[in-house]
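Dear colleague,

Please find the structure below, handed over for your own work.

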Amino acid sequence: MSEDSIYIGGTEGAPSGYTERGYLIVGTYTARGAVPVKDSIVTVFFGEASGTSPEAVLITNESGKTAKLSLPAPPKSLSLSPKDGQTPLLPYGVYNISIYHEGFQPVYDIGVKIFSGVTAIQSTDLIPEVSVSPPENYIDNTEYIDQSGGYVL
């Protein structure tokens, strides 16, 4: 693990078999990825467990990216051994991510895959919230004409 990574706990709260570590960087952008969004709140949850507390809460930097987060993941070798004699076990951990920034619509990334020893980069395009009321300096220049073609005041 590099010095700029964030290590969150061990694997005690992780699902069974998550004995290794994978990594995650989340990037938040707007304008179709052209503009980074600083200070987005990124919350990471275990994806397979409902009602769990957050695994980590991070804030994006001026580049719109979080620090590299170290997360529990199952060993890649699990994909080689069948489960119940039929289906191989998943070689990745599943996480859910929520992203919030004031002035933008919240985003939920469901089922993000984290592989052992690999860094996943999850880029998210934030969409500005739309105001439903006109601004204070709004001017209505609409002209109204009745059926006869005359102006209505």
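Leaving aside residues up to four places away in sequence, Ser98 touches Ile41, Val42, Thr43, Phe45, Val107 and Tyr108, where contact means heavy atoms within 4.5 Å. Ser98 lies in strand E9 and, at 17% relative accessibility, counts as buried (buried is under 20% relative accessible area, exposed over 50%, partly exposed in between, with a 1.4 Å probe and protein chains only).

The model is predicted: local features need pLDDT of at least 70 and side-chain atom pairs count only at pLDDT 80 or more, while totals for chains, interfaces and linings use all residues. Residues are numbered from 1 along each chain as its sequence is written, and side-chain values use heavy atoms, with hydrogens and water left out.

The sheet

Four strands make up an open antiparallel sheet in the order E5-E4-E9-E10. Strands are DSSP runs of at least two residues, numbered from the N terminus, and two of them pair if DSSP finds at least two bridges between them. E5 and E10 (107–115) are the edge strands, each with a single partner, so one side of each has no neighbour in the sheet. On average, neighbouring strands are turned by 25° against each other, direction ignored; the axes are lines fitted to C-alpha atoms, and angles run from 0 to 180 degrees between N-to-C directions.

Gly111 belongs to E10 and is partly exposed, with a relative accessible area of 26%. Beyond residues up to four places away in sequence, Gly111 touches Val94, Tyr95 and Asn96. Gly111 and Phe46 are 65 residues apart in sequence, yet 9.2 Å apart in space from C-alpha to C-alpha.

The surface at E5

In E5, Ala56 and Leu58 form the covered face, whereas Val57 and Ile59 form the uncovered one. In a regular strand, side chains alternate between the two faces of the sheet. Ile59, in E5 (residues 56–59), is partly exposed at 46% relative accessibility. Together with Ile41, Val57 and Tyr100, Ile59 makes a nonpolar surface patch of about 360 Å². Such patches consist of residues with over 30% relative accessible area and no salt bridge, nonpolar side chains (Val, Leu, Ile, Met, Phe, Trp, Tyr) being joined within 5 Å and like charges within 9 Å. A salt bridge is a side-chain nitrogen of Lys or Arg within 4 Å of a carboxyl oxygen of Asp or Glu, and areas come from the Shrake-Rupley method with a 1.4 Å probe.

Yours sincerely
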